[in-house]
Amino acid sequence: MFLLGAVQLVLVMVLWFGELIARRSGATLPFVVPSTWVHAFLMLYGVYIFFIYGFLFTVFPRWMSGTEVAPGRYMSVATTAAVGLVTIYSGLFTHRLVLAVGLGLHLLAWLGAIAVLADVYRRAKKRRVHE
């Protein structure tokens, strides 16, 4: 997850740098939605989420004295999120429908992560809360 987050961070920086260079020359990249929306979404929901997933899938089971998240479960979340982002990148330059499919896949990954963490909580030996 942390590797995907690092790769995504570099991709977002390269994409935004390209947009800034295009603006400097009086143009913009041919996004199907406003570029500020693209930057905001990718920074908030495309980069940090991988770091959050990686941290929670590692620490949350230990904190709850539960079982570790199986590799198949966290890899399915990571793969779905990554495929969603690849589709989002493709949709940014092609069509809003492709972009919507990518957003749907990315949301599906979020829901999968919530399901995994809820299962860890449900099976935990001691359900601790942070006060």
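The buried residues of α4 pack against α2 and α3. In this predicted model, local features require pLDDT of at least 70 and side-chain atom pairs count only at pLDDT 80 or more, whereas totals for chains, interfaces and linings use all residues. Residues are numbered from 1 along each chain as its sequence is written, and side-chain values use heavy atoms, with hydrogens and water left out.

The protein chain contains four helices and zero strands, arranged along the sequence as α-α-α-α. Helices (H or I, at least four residues) and strands (E, at least two) are DSSP runs numbered from the N terminus. The C-alpha trace spans about 60 × 25 × 25 Å along its principal axes. Of the 131 residues, 34% are buried; buried denotes under 20% relative accessible area, exposed over 50%, and partly exposed the range in between (1.4 Å probe, protein chains only). Among contacts (heavy atoms within 4.5 Å) between residues at least 6 apart in sequence, 72% join residues at least 24 apart. The chain exposes about 8,000 Å², of which carbon and sulfur atoms supply 71%; accessible areas come from the Shrake-Rupley method with a 1.4 Å probe, and for residues only the protein chains shown count as cover.

The largest nonpolar core comprises 30 residues, and those with the most contacts inside it are L42, Y53, F57 and L92. At least two residues of this core are supplied by each of α1 (2-24), α2 (35-63), α3 (71-93) and α4 (96-123), and the largest share, nine residues, comes from α2. Such a core is a set of buried Ala, Val, Leu, Ile, Met, Phe, Trp, Tyr and Cys residues joined through side-chain atoms within 4.5 Å. Leaving aside neighbours within four places in sequence, F57 is in contact with M1, V69, Y74, V77, A113, V116 and L117. Of these partners, A113, V116 and L117 are listed among the buried residues of α4.

On the surface, F2, F55 and V59 form a nonpolar patch with about 280 Å² of accessible area together. Patches are made of residues with over 30% relative accessible area and no salt bridge, like charges being joined within 9 Å and nonpolar side chains (Val, Leu, Ile, Met, Phe, Trp, Tyr) within 5 Å. F2 lies in α1 and is partly exposed at 44% relative accessibility. F51, in α2, is partly exposed at 27%. Although F51 and F2 are 49 residues apart along the chain, their C-alpha atoms are separated by 5.3 Å.

Four salt bridges are found in the whole structure, each defined by a side-chain nitrogen of Lys or Arg within 4 Å of a carboxyl oxygen of Asp or Glu. In α1, E19 and R23 are four residues apart, about one helical turn, and form a salt bridge at 3.0 Å between the closest N and O atoms. E19 is buried at 0% relative accessibility, whereas R23 is partly exposed at 36%. R122 is exposed at 53%, as is R123 at 56%. R73, D119, R122 and R123 are linked in a network of salt bridges.
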